[in-house]
Amino acid sequence: MTKLRLAIVGAGPAGIYAADILLKAERNFEVSIDLFDHLPAPYGLVRYGVAPDHPRIKGIITALRDVLDRGDIRVFGNVRFGVDITMDDLKTHYNAVIFATGAVRDADLKISGIDLEGSYGAARFVSWFDGHPDYPRTWPLTARQVAVIGNGNVALDVSRMLAKHADDLLPTEIPANVYEGLKASAVTDVHVFGRRGPTSVKFTPLELRELGELPGVDIVVYDEDFDYDDAARDAVASNKQVFVIDKVLNKWRERPAGTASRRLHLHFFAKPVEVVDDGTGRVGAIRYERTRPDGHGGVVGTGEVRELPMQAVYRAVGYFGSPLPGVPFDKKRGVIPNREGQVLWKGEPDSGSASANQQLYGVYATGWIKRGPVGLIGHTKSDAMETVRHLINDLGNWWHPAEPSEESVLAMLDERGIEYTNLDGWHRLDQRELALGMAEGRARIKVVPRGEMVEISRGEG
Ligand SMILES: Cc1cc2nc3c(=O)[nH]c(=O)nc-3n(C[C@H](O)[C@H](O)[C@H](O)COP(=O)(O)OP(=O)(O)OC[C@H]3O[C@@H](n4cnc5c(N)ncnc54)[C@H](O)[C@@H]3O)c2cc1C
């Protein structure tokens, strides 16, 4: 019987779902899957993106873990595609590859002053508070007034984590250094800026509502932002999600002014145009232009520019994918160009061509690197179904590897001295984190340094 030796690069939800769907799919060939990730632990942004105070979402890890624990997928952590293994290696050992490398960096925001000291990308802050091993262990939290630019759920996560009192995060899995950092935070006011109106936000109602329940934090909304036009009124009437968001915000308008030690302000129709230098190269203020509805569902500037003092700015304007050596990349969209998961190219891989249009046989994409950094974890499942369907149907166009045996991959990694981690290793790390948590009466405390993660996983620490 034909056998598909498949490499999946990226052990986030997209990669794990793809493996699971393929293994369960109706097919007339055998399957053997190796799942690679450059991190020593699997689960991608579920472990290193989803906020620690969202245990229900973090709990998706249990379902992903059940897939891996079935034992029919080999896991290789701490192996970076493009550094430890290359496209040529994959062609030598596999019939095909699915890239599920997600999107981990911040999209750019081109406004003056965005590079000043004290101006940060949300993705870096998220990586810090979620204990990502490749980010600094300390984070400057000396600002009293902080701006968060963006009106999506990541902006809410960042604002909530900045505004929340550290002791309210203690029951979560935040690493000790993150608790200490947040505990020392000087913040009093977090200001969230969105250039559109309240009926155009990308927040989900659940995440928005949660803000109003934070102990010791008052929510401040401004009446001037609720002068709706017909399009906004229509949106409230016709879209259930918008209806709920509008209801939540209006309830906050009716609350009497609070006396909490921290405030979270929501500014709508407020388009940041400049981060202002305090004279020493640091963030001193944010300048924003009032906007108004343009009558077609968008907004236009009013010319009225306002300024608020800030000592830090976080831009939460979206994530962006990163190119992989030897793999086509659409520089504009930050994705691997593809048609329903079949990778496309025109000319040389790496050409950055967005108009790629021929199928690159044997190469597939799924998850955020396939369709861009939007959507919830559940969406990566439907993504994976589509990609896997093509992979199965493309049987005639798979690669013909020179060394297809499972052992040959182990030999290659060992020869190169790569300290890879495997599923047993993840179990060891998982147990250690649970034990660290139990010792302090908490569910889990994450191990952060990469070296320590690898040592524990490999049974050396
Ligand atoms: C801050 C934040 C909060 C979120 N909160 C929620 C939420 O509450 N609920 C929800 O449903 N969704 C949430 N999401 C969305 C969710 O995280 C994504 O939908 C999902 O993680 C995308 O899955 P993915 O597998 O495509 O990418 P990822 O989860 O990013 O996984 C990609 C994997 O590829 C690996 N990788 C990358 N490059 C390489 C390489 N060169 N070599 C080897 N491995 C590599 C990475 O280490 C990573 O493990 C959130 C996202 C963010 C950013």
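Tutor: An oxygen atom of the ligand is 3.2 Å from a polar backbone atom of glycine 375. This is a predicted model, in which local features need pLDDT of at least 70 and side-chain atom pairs count only at pLDDT 80 or more, while totals for chains, interfaces and linings use all residues. Residues are numbered from 1 along each chain as its sequence is written, and side-chain values use heavy atoms, with hydrogens and water left out.

Isoleucine 377 has a backbone N or O atom 2.9 Å from an oxygen atom of the ligand. At phenylalanine 81, a polar backbone atom is 2.9 Å from a nitrogen atom of the ligand. These are polar contacts, meaning pairs of N or O atoms within 3.5 Å; within protein, one atom must be able to donate a hydrogen and the other to accept it, and residues adjacent in sequence count only if both atoms are side-chain atoms. In total, 30 residues surround the ligand (a heavy atom within 4 Å). The closest are Ala14, Asp37, Leu45, Phe81 and Trp368.

Next, a loop residue. Aspartate 84 sits between strand S3 (73-76) and helix H5 (87-93); helices (H or I, at least four residues) and strands (E, at least two) are DSSP runs numbered from the N terminus. Its side chain reaches the backbone nitrogen of arginine 80 at 2.7 Å. Leaving aside residues up to four places away in sequence, aspartate 84 touches Asn78, Val79, Asp89, Arg416 and Ile418, where contact means heavy atoms within 4.5 Å. Glycine 417 is 333 residues from aspartate 84 along the chain, yet their C-alpha atoms are separated by 9.6 Å.

Now the helices. Two packed helices are described by the angle between their axes and the distance between the axes. Here the axes are lines fitted to C-alpha atoms over the stretch in contact, and angles run from 0 to 180 degrees between N-to-C directions.

Helix H1 (residues 13-24) and helix H4 (residues 60-69) have axes that come within 10 Å and cross at roughly 40 degrees. H1 is therefore oblique to H4; under 35 degrees counts as roughly parallel, over 145 as roughly antiparallel, 65 to 115 as roughly perpendicular, and the rest as oblique. Their crossing is left-handed, with the near helix turned anticlockwise from the far one by less than a right angle. Pro13, Ile16, Tyr17 and Asp20 of H1 make the contact with Ile60, Leu64, Val67 and Leu68 of H4. By class, this contact of H1 with H4 has 7 nonpolar, no polar and 1 charged residues. Nonpolar covers Ala, Val, Leu, Ile, Met, Phe, Trp, Tyr, Cys and Pro, charged covers Asp, Glu, Lys and Arg, and polar covers the others, Gly among them.

H4 also packs against helix H15 (residues 423-439), at an angle of about 140 degrees with the axes 11 Å apart. H4 is therefore oblique to H15, and H4 passes H15 in a left-handed crossing. Arg65, Leu68 and Asp69 in H4 meet Leu423, Trp426, His427 and Asp430 in H15. The residues of this contact of H4 with H15 divide into 3 nonpolar, 1 polar and 3 charged.
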